[in-house]
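Q: Hi! Could you walk me through this structure while I have it open on my screen?

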Amino acid sequence: MKPVQGLHHITAVASNPQTNLDFYHHILGQRLVKKTVNFDDPGTYHLYYGDEVGTPGTIMTYFPWPHMRRGRKGNGETAAMAYTIRPEAMGFWQNWLKKNGISTGEIQTRFGADVLPFTDPDGLTLELVTSDDPATLQHWTGGPIGAKDALQGFHGVTLWLDEVEPTANLLIEQMGYHFTGQEGSRYRYQAGGEDVGLYVDILHRPGQSAAQFGAGSIHHIAFRTVDDSEQLEYFNKLRQAHFHVTPVQDRQYFRSIYFRSPGGVLFEIATDAPGFLYDEPVAELGTHLKLPPWLEKNRPAIKERLPQIELKPVVPAAL
Ligand code: ZN
């Protein structure tokens with residue numbers, strides 16, 4: 001069986017959809033590549049942000065629930081997600097975030113790279129991690145950030161867990177990750193791919209309080225698989241290892257299986273195919289409300305329930 005190639009997408013919870021859209025689209029320079037609804041709760045948007053074409057490993061997705069209380073960080077969740085930047089872009093990001101009223105933490109050094117932490121409008125911890133050799137992605141040419149400073153897709157995620165070993169075993173035995181090092185209570189695991197979203201860090205926090213889910217929490221993290229047949233191999237292997245894996249769910253832009261990891265974090269394995277160009281051409285990505293065929297008949301009612309959001313014109317970043 002092939003090892004997992006890395007992260008596919010990360011799904012989190014926001015409160016206000018317009019605030020979320022403005023932050024990711026206009027400040028982080030992540031293109032809205034799909035505007036659809038939560039298929040299990042069609043009165044709620046599902047907003048997808050990524051590079052120009054929605055490459056797996058760049059896709060941050062949100063369910064904005066306007067009345068959701070803010071979550072509280074703790075064990076059993078993905079407590080932070082990180083984007084890669086080029087080392088030369090660090091100064092830009094410090095200034096740009098400050099100019100937009102976003103306070104950043106001190107730059108930290110982690111496994112030899114610089115890390116700049118800050119939070120999104122709902123309190124989700126984001127980090128920018130420097131890399132000399134970022135993945136080759138399709139820069140969003142219509143976005144506010146120039147190619148050299150732009151985010152270069154996911155670096156990875158940090159899980160906060162009571163115990164390291166059970167989740168480490170899952171990553172290594174069932175998913176083909178390998179252990180690459182420890183710094184203090186942080187353990188790093190690397191996927192088999194060479195591209196984007198390669199790292200899962202476990203922060204060992206024995207006896208610390210459990211997370212409380214809410215706005216600003218990451219709901220699940222999804223790992224990449226090429227196609228249905230490879231996904232079936234993971235499905236069988238995980239079932240053999242006694243994980244309760246769901247049947248395949250059609251997510252329109254990918255097909256997914258889900259299971260709970262030993263520390264409580266919800267994992268998904270999603271296919272790269274068919275991708276975000278399945279129902280919109282590149283030039284029009286994110287500009288229409290897209291619904292899956294089984295919800296299309298309810299379009300008028302769905303549109304009426306959804307809050308209005310507006311895709312404002314992009315202004316190039318100027319410092
Ligand atoms: Zn997902």
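This is a predicted model: local features need pLDDT of at least 70, side-chain atom pairs count only at pLDDT 80 or more; totals for chains, interfaces and linings use all residues.

Q: Where is His26 placed?
A: His26 is in helix H1, which covers residues 17–27.

Q: Is His26 buried or exposed?
A: His26 counts as buried, because its relative accessibility is 16% and the cut-off for buried is under 20%.

Q: And how far apart are the C-alpha atoms of His26 and Pro316?
A: They are separated by 8.8 Å, although the two residues are 290 residues apart along the chain.

Q: OK, on to the metal. What are the protein donors of the zinc ion?
A: The donors are His9 through NE2, His220 through NE2 and Glu268 through OE, lying 2.0 Å from the zinc ion. Their spacing in sequence reads H-x210-H-x47-E. His9 sits in strand E1 (residues 7–14) and Glu268 in strand E16 (residues 266–274), so this pair links distant parts of the chain, 259 residues apart.

Q: Are His9 and Glu268 buried or exposed?
A: Both His9 and Glu268 are buried.

Q: Switching topic: how many cavities of 30 Å³ or more are there?
A: The count comes to one.

Q: Which residues line the largest cavity?
A: The lining is made of Ala82, Arg110, Glu127, Val129, His155, Gly156, Val157, Thr158, Arg186, Arg188, Tyr199 and Asp201. Strands E8 (125–130), E9 (154–161), E11 (186–190) and E12 (199–204) are the elements that give two or more residues to it.

Q: Which element gives the most to that lining?
A: Strand E9 does, with four residues.

Q: How does the lining of the largest cavity split by class?
A: There are four nonpolar, three polar and five charged residues in the lining.

Q: How many salt bridges does the count come to?
A: Twelve. Among them is the one between Glu230 and Lys2, where the closest N and O atoms are 3.7 Å apart.

Q: Why does the pair of Glu230 and Lys2 tie together parts of the chain?
A: Glu230 lies in helix H4 (residues 228–240), while Lys2 lies in the segment before E1, so the pair brings together parts that are 228 residues apart in sequence. Glu230 is buried, with a relative accessible area of 8%, whereas Lys2 counts as partly exposed at 43% relative accessibility.

Q: What about Asp40, which residue does Asp40 form a salt bridge with?
A: Its partner is Arg251, with the closest N and O atoms 3.6 Å apart. Asp40 is in the loop between strands E2 (31–38) and E3 (41–50), and Arg251 is in the loop between strands E14 (249–250) and E15 (254–260), so this bridge ties together parts that are 211 residues apart in sequence. Asp40 counts as exposed at 61% relative accessibility, while Arg251 counts as buried at 14%.

Q: Which residues do salt bridges that share partners join into one network?
A: Lys34, Asp279 and Glu280 are joined that way.

Q: Last topic, helix H3. Which of the residues of H3 are buried?
A: In H3 (residues 165–174), the buried residues are Thr167, Ala168, Leu170, Leu171 and Gln174. They pack against E9, E11, E12, H4, E15 and E16.

Q: What is H3 followed by?
A: H3 is followed by Gly176, which has a positive phi near 80°.

Q: And where is Glu163 placed?
A: Glu163 is in the loop between E9 and H3. Glu163 is exposed, with a relative accessible area of 53%.

Conventions
Residues are numbered from 1 along each chain as its sequence is written. Side-chain values use heavy atoms; hydrogens and water are left out. Donors are N, O and S atoms within 2.8 Å of the metal (3.2 Å for Na, K and Ca); water is not among the atoms, so sites may look incomplete. Buried means under 20% relative accessible area, exposed over 50%, partly exposed in between (1.4 Å probe, protein chains only). On a 1 Å grid over the protein atoms alone, a cavity is a set of points where a 1.4 Å probe fits but cannot get out, and a pocket is an open set with protein on both sides within 12 Å along at least five of seven lines; lining residues have an atom within 4 Å of a point. Grid points are joined across faces, edges and corners, and a volume is the space filled by probe spheres set on the points. Ala, Val, Leu, Ile, Met, Phe, Trp, Tyr, Cys and Pro count as nonpolar, Asp, Glu, Lys and Arg as charged, and the others, Gly among them, as polar. A salt bridge is a side-chain nitrogen of Lys or Arg within 4 Å of a carboxyl oxygen of Asp or Glu. Contact means heavy atoms within 4.5 Å.
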